[in-house]
Structures are given as structure tokens and as C-alpha cells.
Amino acid sequence: MAEEVVLLGFWASPVAMRVKIALAEKEIDYVSREQNLFNKSSLLLEMNPVYKRIPVLIHEGKPICESLIIIQYIDEVWKHKAPLFPSDPCERAHARFWADYVDEHIYPNAQLLWARKGERQEAAKKSLIESFKALEGELGDKPYFGGASFGLIDIALIPFYSFFYAFETLGRFSMEEECPEIVAWAKRCSQRETVSKSVVLDQHKAYEFVLELMAWHGVK
């Protein structure tokens, strides 16, 4: 491939946003190839034949798949600027734990929130709020999850800020009331240029996409 670094992603994908933030933190130039989630390209199927999903980072013609793995790859290949992982092995393992927590709790509960109705939706909302509160406890009074340094856990979680309005509207609750420290953290992160240019800060636009996704899946 002619380009050295290519990202296969989608504008509203929180996992693709993660990769964009990581590349921005490292000041890496790349070519973004927007994918159609409902009509997957031959390039995506070729580069990720196992999961057939975004994001995929293509570096010198070789694909790297899954957002957290991609972030680790970016941090290891481009070491010249902005470390994304802690240098201490214990702290690095701790960061991975919480990044995995986001994938295992925030992502699936968010999907269930807009894919279910009635009691099942209420259960998803409860689990989502509890998950955010657990992350709020981990954040504590630190500016970022890693302390003074913006890093892996922040990158894993901040893309979901795009969907706070969708969470609130579909779940009928207030993020500000339930998790004020997470909201304050998200606003602080969004002031970083690497985040503001990588994350969808227009939460109403993200909400409209969720409605389109719900309609496509037949959820009313």
C-alpha cells in the first residue's frame, strides 16, 4: 500500500475514536478510510478476516486489529512522544485492567440500553450507572486516571462522552447527577486538542446516529 499508516474506522465508533486519539497524541500522520458498517469493504474483510470489524490500523501493509491492541502497538512503535502506558509494570497492568473494564462493562451495557425496553432496559441502565460509578471511584480526585498524565484508561473511556446525551435520553437519567466527577473529567479531557479533533463532541449528532442504528436493528 502506498500509505504507511492507514486507519479503517467509522466516525461514530468509540473504538475507532480511541485509535484516532492515540495517533494524535503521538503526532502520527495517517490516512483515514471511512468504512460502511452495513456494507463492509473488501479491504476491511481482507485486513480483519476473523472479526470483520473496525478499527484496523494498517502499518506498512500489515494489519493490527482491536482498539486496545492497536493502542499498545502505537505506543511501542512510536516511542518518541507521549507515552500512553505507564512505565512501571504494576501500573501498566492496572491500566490494562481498567481499560478492559470499560470494554466489558460500559460498551455492552450501552448497547443493551438502546437495544432493550422495559425491565431489561432498566437493568442495563442500572448496570451502566454502576459501571461509571466504579470508574469514578478509580478516578478519585486525580485529573486523569493515570494521575497527572493522560493515558490508556482515559483514551479507552473518553469516546463514550460522545454518547452521554444518548445515555441520558434513552435511559432517562442525568449523568451530571449520577456521576458528576466523570462528567467533569470528560469535559477536562475534551479540552485536549488530541481529543477534541478525534471525538464526536456534538452529542446530539451521536444521538441521531444511535436512533438510526436502532431503526436499522428494528428497535422502536
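This is a predicted model: local features need pLDDT of at least 70, side-chain atom pairs count only at pLDDT 80 or more; totals for chains, interfaces and linings use all residues.
Is the crossing of helices H5 and H9 left-handed or right-handed? The crossing of H5 and H9 is left-handed.

Helix H5 covers residues 118–139 and helix H9 covers residues 180–190. Their axes come within 8 Å and cross at roughly 70°. Angles of 65 to 115 degrees count as roughly perpendicular, so H5 is roughly perpendicular to H9.

The residues that meet can be named on both sides. H5 contributes Phe 132, Leu 135, Glu 136 and Leu 139, while H9 contributes Pro 180, Glu 181, Ile 182 and Trp 185. Sorted by class, the contact of H5 with H9 has six nonpolar residues, two charged residues and no polar ones.

**Salt bridges**

Side chains of opposite charge can pair when their charged atoms come close. Nine salt bridges are found in the whole structure.

| Lys 81 | Glu 27 | 3.7 Å |

Take Lys 81 and Glu 27, which meet through their side chains. Lys 81 sits in the loop between helix H3 (67–77) and helix H4 (89–115), and Glu 27 in the loop between helix H1 (14–25) and strand E2 (31–34), so this pair ties together parts that are 54 residues apart in sequence. Lys 81 is partly exposed, at 33% relative accessible area, whereas Glu 27 is exposed, at 56%.

Arg 53 belongs to the loop between helix H2 (42–47) and strand E3 (56–59), and Glu 66 to the loop between strand E4 (62–65) and H3, so the parts tied together are 13 residues apart in sequence. Arg 53 is partly exposed, with a relative accessible area of 37%, and Glu 66 is partly exposed, with 23%.

The pair of Lys 125 and Glu 122 lies in helix H5. These residues are three apart in H5, which means that about one helical turn separates them. Is Lys 125 buried or exposed? Lys 125 has a relative accessible area of 15% and is buried, because buried means under 20%. Glu 122, at 34%, is partly exposed. Both residues belong to a network of salt bridges that also links Arg 172.

Technical notes. Residues are numbered from 1 along each chain as its sequence is written. Side-chain values use heavy atoms; hydrogens and water are left out. Axes are lines fitted to C-alpha atoms, for helices over the stretch in contact, and angles run from 0 to 180 degrees between N-to-C directions. Helices (H or I, at least four residues) and strands (E, at least two) are DSSP runs, numbered from the N terminus. Angles under 35 degrees count as roughly parallel, over 145 as roughly antiparallel, 65 to 115 as roughly perpendicular and the rest as oblique. A crossing is left-handed if the near helix is turned anticlockwise from the far one by less than a right angle, and right-handed if clockwise. Contact means heavy atoms within 4.5 Å. Ala, Val, Leu, Ile, Met, Phe, Trp, Tyr, Cys and Pro count as nonpolar, Asp, Glu, Lys and Arg as charged, and the others, Gly among them, as polar. A salt bridge is a side-chain nitrogen of Lys or Arg within 4 Å of a carboxyl oxygen of Asp or Glu. Buried means under 20% relative accessible area, exposed over 50%, partly exposed in between (1.4 Å probe, protein chains only).
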